[in-house]
Amino acid sequence: TFASPLHLQQLLQAIEDWLVDRWPGKAGGVRAPLSRRTAERATAVELKDLPADQAAVAQWLGQKYRIAPEPLAALVAEAHVLSKKHKFSPYLILGVMAIESGFHPYAQSSAGAQGLMQVMTEIHIQRYAPHGGRLAAFDPITNLRVGADVLAYCIRTKGGVVEDGLRYYLGAAESTDDGGYVAKVLLEQERLTQVASGVKNVPTQ
């Protein structure tokens, strides 16, 4: 997974940031910043760089949520990487994102859940520590990774039962009423699976 395009892009950006912070100025010690290509810092991937099934999913999500497909493509690609790590469908991860935040990376609930996966930052602050702290919750890829880790933990804790794990993730593990949350996530997962398999005209409503 380290050699994936997203990981390579992030590594190159980290190296450039390190160089910019240490670049000597010509006079008085003032730093002269290196030229940066903004596009390389964006959480976005060209659709043509994805496998056809992933590109189709990004396009469908873009139409449904009125979001540019390129940033969605980056999330779809990362969801596939994380699905191999956690041994569950990438479309489960994307389904959770869809229902939790509608793919809004800066979303915040009244309870303090933040970002794409609506992770409770204060509860899971240690999971963000390796990424630089609490503000990493608003980095789309970091939030996705932390959220997938939490989701995997919830499913494991509930004996591998996805439905029970989703309720635990929601915070309704002890309740029989989840407000339709599990059904919504699983419906979105099913629709995304259909899109990826080439089914035409999968409804967005």
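Biologist: What does helix H7 span, and what span is expected at 1.5 Å a residue?

Modeller: Helices are DSSP runs of H or I with at least four residues, strands are runs of E with at least two, and both are numbered from the N terminus. The expected span of a helix is 1.5 Å times one less than its number of residues. H7 covers residues 140–157, 18 residues, and reaches 25 Å from its first C-alpha to its last, close to the 26 Å expected. This is a predicted model, in which local features need pLDDT of at least 70 and side-chain atom pairs count only at pLDDT 80 or more, while totals for chains, interfaces and linings use all residues. Residues are numbered from 1 along each chain as its sequence is written, and side-chain values use heavy atoms, with hydrogens and water left out.

Biologist: How many residues of H7 are buried?

Modeller: Buried means under 20% relative accessible area, exposed over 50%, and partly exposed in between, with a 1.4 Å probe and protein chains only. In H7, 14 of the 18 residues are buried, so the helix is largely enclosed by the rest of the structure. Gly159, with a positive phi near 70°, follows H7.

Biologist: How many salt bridges does the structure hold?

Modeller: A salt bridge is a side-chain nitrogen of Lys or Arg within 4 Å of a carboxyl oxygen of Asp or Glu. The structure holds seven. One of them pairs Asp49 with Lys48, with the closest N and O atoms 3.4 Å apart; both residues are exposed.

Biologist: Which parts of the chain does the Glu188 pair link?

Modeller: Glu188 bridges to Lys64, the closest N and O atoms being 2.7 Å apart. The pair links distant parts of the chain, with Glu188 in helix H9 (residues 181–196) and Lys64 in helix H3 (residues 52–65), 124 residues apart. Glu188 is buried, at 3% relative accessible area.

Biologist: Which residues form a network of salt bridges?

Modeller: Start with Arg167 and Asp178, whose closest N and O atoms are 3.6 Å apart. Arg167 lies in helix H8 (residues 162–170) and Asp178 in the loop between H8 and H9, 11 residues apart. Arg167 is partly exposed at 23% relative accessibility, whereas Asp178 is buried at 15%. Salt bridges with shared partners join Asp164, Arg167 and Asp178 into one network.
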